[in-house]
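Dear colleague,

Please read them with the structure open beside you.

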Amino acid sequence: MKNMKGKVLAKADIQKLSENERLKYEIAEELGLYDKVIEGGWRSLTAKEAGRIGGMVTKRRKAMKKEALQSELREDQRMASIKNVSNEPR
């Protein structure tokens with residue numbers, strides 16, 4: 001497969017890409033478009049296929065951000081409860 005600079009990418013090379021690029025390949029694989037991308041590059045996709053990948057990337061990134069914020073909130077709440085317990089008079 002060729003990347004945007006025309007270089008051929010092996011499957012192992014995909015692991016070296018940015019998180020966003022890896023996510024695109026992962027979603028392309030889930031949609032059954034991975035081989036098409038490997039053989040013809042991203043430009044071989046129809047607008048509908050590319051749009052579907054882009055939409056799913058956005059949806060996943062939003063979900064990942066929401067999970068990270070929820071995790072941070074849980075950690076903050078846990079730390080606050082630990083402080084409250086340690087500050088209680090005995």
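K16 is exposed, with a relative accessible area of 69%, where exposed means over 50%, buried under 20% and partly exposed in between (1.4 Å probe, protein chains only). Its partner in a salt bridge is D13, with the closest N and O atoms 3.8 Å apart, and D13 is partly exposed at 24%. A salt bridge here is a side-chain nitrogen of Lys or Arg within 4 Å of a carboxyl oxygen of Asp or Glu.

Please bear in mind that this is a predicted model, in which local features need pLDDT of at least 70 and side-chain atom pairs count only at pLDDT 80 or more, while totals for chains, interfaces and linings use all residues. Residues are numbered from 1 along each chain as its sequence is written, and side-chain values use heavy atoms, with hydrogens and water left out.

The search of the whole structure finds seven salt bridges. One of them joins E26 to R60, the closest N and O atoms being 3.3 Å apart. This pair links distant parts of the chain, since E26 lies in helix α2 (residues 19-30) and R60 in helix α4 (residues 47-87), 34 residues apart; helices are DSSP runs of H or I with at least four residues, numbered from the N terminus. E26 is partly exposed at 40%, and R60 is partly exposed at 25%.

R78 and E75 also form a salt bridge, at 2.9 Å from N to O, and these two residues are three apart in helix α4, so about one helical turn separates them. Finally, salt bridges with shared partners join E26, E30 and R60 into one network.

Best wishes
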